[in-house]
Amino acid sequence: MFPKLDPLLHSELRLAVMSILAGVDEADFTYLKRQTGATSGNLSVQIDKLTTAGYITMEKGFKGKMPRTTCRITPAGQEAFGKYVEALKEYLSASK
Amino acid sequence: MEQNKEMTAQESLALITETMNNNRKDIVRSSGKYFVLWGILLTVFSLLVFTLWKTTGKAVWNNLWFALPAIGYPLARWIKIKDAAPRAENYISRINGGIWGSFGVFACSIALFTVLYSLLGDSQLTAIVLGATLTAQIVLLFGIAETISGIVLKNWTIKIAGWITGIGGLAIFYIAQAEAEQLFIFTFAGIVLAATGLIVKQQYK
């Protein structure tokens, strides 16, 4: 019996955002946008979903005079991401 | 990138791996500009100290070296704040900053200790030995810092540049045995550092 893949993470853009945030302390919205190649609107929607799920936190502030949105992964997000990767590994080892 | 695309397990893992690799590359690339900054400062200070020392004949101009971190660190901080490119911070960038910060503290400590000992110490011979080997000690520390930086950033160019700076600097120290030894060593180290920064920036363009 394989573990069920977290549907919230099993989406290309949300998974990319979580992969970025899993490896950094924090990241700008613009950094996430550049790294994923997503549009602002699309990225905002997916970030909201991850925030609502408690996987990431979002903080609005300023960098100099420019507004800046910073995202961070939460412990719950790290745990969900770890479980997702483990589940993927199980799927892959079973298919070999 | 689409949010609703159905992915296979392989595609998901490939996406995670690619994203994490891109993150690392981005952090290495952004470190390039700091290598260029410190390389240029080191070369300029090396030439400046040597010129003033040679023209006036006063070794006291060596104290100008203490102005290098005093100018360099605020400048690096200013570049970080002014940097328009979006960025992310992680433990790799923090460790890299820590390595170079530690190098600065230890290099300044050695230099300060040497200056103080030459002024206050009771053994003239010890002061001469400390002063004579100061350049070698600092260039060795410099090479170690650069090599560790390359290991942390997983970048061979930086690792090799660290070996070249440390071992090459020591080789110059032993071979040159000249008045201009400090100029040769630090100009060499500065040029290697700036060139490393430019190469790294090109590698991850």
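How many salt bridges are there between chain A and chain B? The count is two. The legends below are for a predicted model.

**View 1. Chain A meets chain B.** In this predicted model, 30 residues of chain A are in contact with 27 residues of chain B. The two chains bury about 2700 Å² between them. Of that area, 57% is on carbon and sulfur atoms. Five residue pairs are in polar contact between the chains, both residues being at pLDDT 80 or more. On the side of chain A that touches chain B, two or more residues come from each of α1, β1 (26–28), α2, α3 and α4 of chain A. α1(A) gives the most, with seven residues. By class, this side of chain A has 14 nonpolar, ten polar and six charged residues.

**View 2. A salt bridge joins A:D25 and B:R94.** A:D25 lies on one side of the pair and B:R94 on the other. Their closest N and O atoms are 2.1 Å apart.

**View 3. The largest nonpolar core has 35 residues.** Six of them touch the most other members: A:M18, A:L21, A:L32, A:L43, A:L50 and A:Y55. A second, separate core holds 34 residues, including B:W100, B:F103, B:L153 and B:V200.

**View 4. A:L32 and the residues around it.** Which residues does A:L32 touch, not counting residues up to four places away in sequence? They are A:V17, A:I20, A:L21, A:A27, A:L43, A:I47 and A:C71. A:L32 is also one of the residues that touch the most other members of the largest nonpolar core.

**View 5. B:W53 sits in helix α1 of chain B.** Is B:W53 buried or partly exposed? B:W53 counts as partly exposed because its relative accessibility is 28%. Leaving out residues up to four places away in sequence, B:W53 touches B:K58, B:A59, B:W61, B:N62 and B:Q182. B:L13 is 40 residues from B:W53 in sequence. In space, the two are 60 Å apart, C-alpha to C-alpha.

**View 6. B:T187 belongs to helix α6 (residues 181–203) of chain B.** B:T187 counts as buried because its relative accessibility is 14%, and buried means under 20%. Beyond four places in sequence, B:T187 touches B:T43, B:S46, B:L47 and B:Q182.

Methods: Residues are numbered from 1 along each chain as its sequence is written. Chains are lettered from A and ligands numbered from 1 in the order in which they are written. This is a predicted model: local features need pLDDT of at least 70, side-chain atom pairs count only at pLDDT 80 or more; totals for chains, interfaces and linings use all residues. Side-chain values use heavy atoms; hydrogens and water are left out. A nonpolar core is a set of buried Ala, Val, Leu, Ile, Met, Phe, Trp, Tyr and Cys residues joined through side-chain atoms within 4.5 Å. Buried means under 20% relative accessible area, exposed over 50%, partly exposed in between (1.4 Å probe, protein chains only). Contact means heavy atoms within 4.5 Å. Helices (H or I, at least four residues) and strands (E, at least two) are DSSP runs, numbered from the N terminus. Buried area is the accessible area (1.4 Å probe) that two parts lose on being put together, summed over both. A salt bridge is a side-chain nitrogen of Lys or Arg within 4 Å of a carboxyl oxygen of Asp or Glu. A polar contact is a pair of N or O atoms within 3.5 Å; within protein, one must be able to donate a hydrogen and the other to accept it, and residues adjacent in sequence count only if both atoms are side-chain atoms. Ala, Val, Leu, Ile, Met, Phe, Trp, Tyr, Cys and Pro count as nonpolar, Asp, Glu, Lys and Arg as charged, and the others, Gly among them, as polar.
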